[in-house]
Each structure stands twice: as structure tokens, then as C-alpha cells.
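Please find below a short note for a first reading of this structure. The points may be read in order, with the sequence and the model at hand.

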Amino acid sequence: MSRAIRRGETIVPVLNQTDTIGPALETGMPERIYGLWPVVAPIALALLFIFARLKFGEHGFLYEGALTMLALICYISAAVLFVTNLFVKENVLSRLGLWTTALGYSFGLSGWMMRWIEAGEKEQWVAGKVWRYFPLDNLYALTLGFCCGAVLATLIIIRKPKYRMLGAFSMPIVSVVLTLGICLGNQIRTLMPILDSYWRPIHVSIATLAYGVCLMSFGIAFAYLLKEGIRTDALAISIGLFGVLVLCTVGQSGSPLGILTHGAYGASLVMTSNNEALKLRTILPGVGPLMVLTLIAIVGFLTLFIANWQKKDANIDKWAWRVFWGATALQAVVLVTLFYQITHVENAVANVPGYEMAYFGGTLREGNSIDPNMNPTVGAQAWVGQFGDQLKVGYTSDPVSHGALVGLLVGLLMVGLIAKKRDEVNQSLPALPLLDSLLYRTVGVAFPLLSMLLITGAVWANESWGRYWGWDPKEVGALVSWAAYAGYLHTRISHGWRGRRSAYFAVLGFILVIFTWLGVSFLLPGLHSYAGV
């Protein structure tokens, strides 16, 4: 018998024998229906936008790009409102956060569906295949769906006042994810004929909803760890390690140490004809040195926090947080400088260094774009001389780098604010049993969705490629993510795990989901790279 059952965990809610069915329906049902308005109303508004687009065409903000930007503005606003409400107990802030989230969802959902209409109109609805244009043609469209799934899961949970504070942990992540998605570029790509199947919208739609629920479960797990008493310096160490990973891997082509190799940040050049990023970078003045300073500050507060882990010296702790806030300020300056330089590059090709030319020449030679016997640097210079007028720098140059840098700043701010107002945050959160139960239920929803994701993906793969499973990196990533959530449920049901250990399982599962969604697409080549980014 499982430990969960032996310990008396309630598997099915117990009926209150003193209640009768009639009064329960009379008093409970209207309240429940009214309580669903944060979910139903934005969907209805999104449908209104879609019908207006079909009736009147592309007028005003009735196109995907504008609606997505409006959604991002709403998500950022909701994140600020919810995070502020953690420290300032005002009901108006939580209500505004809920309304803003709901409005953002209506913009996000309608924008995502507008892409369906725009893709069909682009090809004049070839052969009447409506499902061919379902908005999941590349990673950008998948990201829109991912955000819609995450916000839907958030609305379902935070519509109840006792859980509303959890929006402070999901909406900042959604804002970062959608920012990264916008940096991917919203080009509509022609679907490969081999993938033109009705299984595509089924499989990828399940993926967007599953990933969205996983994001919400991560937010609940993080809230549980805070309420349970995880040390704030542990949070600072975690975000510091993430910062070291980010700053040591961005800005250089083919270099394992990123900006540390040359002390400069390079932005990928993009071909204007197809908006494809090349493995050729131009140096953005001032960004690299600022990143090096930020990295030094991060390593500094990491060293201090680790030294203070056992000693618990108040003076070391004070200096560690001072350096932490210094690193946060530097990271903000990095982002301002980065985006300023991106928008003010006049001659991008002129700032391409020799080592980047050599690396790019090697890739050209591997692709047989230049003479194999030609010196890589000379070959790259000749290629750039021919196509240089078609190269540019923009927000789509390095979407993952931009998203990671924005995510680092958001993470630093969140950890810093939580550290300064830890008692207020803990008082704002629901009780531990409520959070633990809610986490269990969200993982209980995520797991069957991930299972359906694997099953429908296998059926689609067999239809397209003639095999159910091929150990493609994306397939393996999805399987490992599924195994992590299966481990959560197994350890809880069979071994009675709950609390902090279960929360760590949910955190690990979401990290694996993020790697499957994003990391595999950029780092590991495979069949799932068919749609580009």
C-alpha cells in the first residue's frame, strides 16, 4: 500500500452529508459561473476581434503584430501589479492585475489566431486546407501559443482571490517568454508538404497547453519554496549561477567563454532578404565591457554568499547584497546600451572583427559556399564584400541571447525585492498545504498533457517520416520532461513525498521543458528544426 494512502491523504473530496443537492446548486452554481468570468470574458473578446478581422479586414490594431505587442504590454503591467501587491496589500492592485491579465490574454489569443488568417491569405487558402495554416509554423508561433497556454492556466488559478498572489510568479516569466518570442521575428513560413497533416495542429496545440501548465506549476513550486523558508542567499546564488552561464555564452561565435574571450559583444548579422541570422557577428561598442563588469560583480556576490553560507556573518551578508544590487544596476545598463546600439548601427559590416571573419569563413567552406582551398578569412571577406549591402543588425539577430539577458535582469530584480521584503511576501502567499495541494493538481494536469504530446507526436512522425520514434533531440527532450513529472507523481503517490522535495521536482521539470522548447531548437540539430525560428 502506498505511503500516501497509509498516511490518509484525501484522494477524492468527501461529500458533506449535511448538505442537500438543491441548496448547493442554488447557492454554489451562480457563484461558480460568475467566478469563471476572468476566463470566459477574454476568450469572448478575442473571438470578437477575430470576427471583426474577418469582416472588416486588417484595420487599426486588427493584425497579429499589434495585438501581440498589446498583449506584452498587458502582461508586463500585470506582472508589475502582482509583484507590487506582494509588498503593498491593496485589493485594488490584485484586481487590476487580474483584469490586465485577462485583457492581455484576449489580445494574445486573438493575435495568435490572426496569424492563422494572415497565413491563409498569404497563400490564398490553397486547396481549401484550413488546418495547413494553423499558427504553429515555426518557433515564434509556438511561443505565442506557449504564452496563451500559460496565461490561461494562470487565469484559471488566480481567478480565486486566495490564489491571486501567484500571478506575481507566473506573469514575469510569461513576459520574458513573449519578449523572447517577439525577438524571434514574426515571419510566416511555408509549411513543408511532408508535415502538412491534421496531426500537426493537434500535437503542437497540446504542447502549448502542456508547457503553459508546466510554467504555472513552476510558479507555484517557487511560491511554496519561499513560504516554506528557502534561504534568500540560496536564491541569490541560483540567479548568480544563471547569470554566469548567460554572460559566458553570449556574444561570440564558436567561443565557449563568450565575452571573456575578447571582451566584446557581437550581434549576429541578418540577411534582409529572408531575415535569417548568420554565424557572423559585428561588435556593438560599449556592450562587451559593461557585460564583463556585470560578470565580475556577479562572481563577486557569488563568492560572498558562498563564503557566508556557513559562517553567517552579518557584515559579509551586507556586502554581498550591496554587490548584488550593483550587479543588478549594471545588468540594467547593459540592456539599455545593447538595445540602443542595435537601433543605431550605421555600418554593421565595418565592425566585424577578424576572428569572426575566420569563423564565418569556416562555416562557408563547410557549406561549400566558397572554394574549399581558399583561406577562410579571405573567403568570408569576399562573401561579405558581395552581400554586405544585404546585412543588418536588429532585434531578431540574437533572440535567445536577448531573452536570456532580459530574464537575468528580471530574475535579479525578483530575488532582490523578495530578499528586502521577505516577511511581507510570506504573509501574502497562501498557506503551505494549499500551495502543496495546488502544485499536485497542476502537475496532475500537466502530466497527461505531456503524455498526449508524446503519443500524438509519435503518430504524426509515423505519418510524415514512416517511424514512430527516431531519438530526435526534441523527442528525447520531451521524453525526459515527461519522466521528470512522472517522477513527481510517482514519488508523491507511492512514497509520500510532498513539500520541498516535490517542489524541487516541479522546478526541474520546468527547466527541462524550457530546454526542450528553446534549447533543443538552437543548440541541437534535428528534424524539429524544419521550421527554423
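Predicted model: local features only at pLDDT ≥ 70, side-chain atom pairs only at ≥ 80, totals over all residues.

1. Surface. The protein chain exposes about 24,300 Å², and carbon and sulfur atoms supply 66% of that area. Of the 533 residues in the protein chain, buried residues make up 53%.

2. Confidence. The average pLDDT of the protein chain is 83, and 88% of the residues score at least 70. Among the elements, the highest mean pLDDT, 94, belongs to helix α12 (residues 314–343), whereas helix α1 (residues 3–6) has the lowest, 42. Over residues 1–27 the pLDDT stays under 50; for this stretch the model has 18 contacts beyond four places in sequence.

3. Elements and contacts. The protein chain contains 19 helices and three strands. When contacts with a separation of 6 or more are considered, 79% of them join residues 24 or more positions apart.

4. Cysteines. How many disulfides does the structure hold? The number is zero. A disulfide is a covalent bond between the sulfur atoms of two cysteines. Cys148 illustrates why none is formed there: the closest cysteine sulfur, in Cys147, is 7.2 Å away, too far for a bond, since a disulfide requires the two sulfur atoms to lie within 2.5 Å. Cys148 counts as buried because its relative accessibility is 5%, and the cut-off for a buried residue is under 20%. By that cut-off Cys248, at 13% relative accessibility, also counts as buried.

5. Cavities. Two cavities of 30 Å³ or more are present in the structure. The second largest cavity holds about 50 Å³ of space. Which elements give two or more residues to its lining? They are α4 (64–87), α5 (91–122) and α6 (139–158). The lining residues include Thr68, Ala71 and Tyr75, as well as Gly108, Gly111 and Trp112. Cys147 and Cys148, the two cysteines compared in point 4, also line this cavity.

6. Leu489 is found in helix α18 (residues 473–495). Is Leu489 buried or exposed? Its relative accessibility is 13%, so Leu489 counts as buried. Apart from neighbours within four places in sequence, Leu489 is in contact with Tyr440, Val443, Phe447 and Ser494. Phe505 lies 16 residues from Leu489 along the chain, and the C-alpha atoms of these two residues are separated by 9.4 Å.

How values were computed: Residues numbered from 1 in each chain as written. Heavy atoms only, no water. pLDDT = per-residue confidence, 0-100. Helix = DSSP H or I, 4+ residues; strand = E, 2+ residues; numbered from the N terminus. Contact = heavy atoms within 4.5 Å. Buried < 20%, exposed > 50% of the residue type's maximum accessible area, 1.4 Å probe, protein only. Areas by Shrake-Rupley, 256 points an atom, 1.4 Å probe, with all protein chains shown as cover. 1 Å grid on protein atoms, 1.4 Å probe; cavity = no way out; pocket = protein on both sides within 12 Å on 5 of 7 lines; lining within 4 Å. Points joined across faces, edges and corners; volume = space filled by probe spheres on them.
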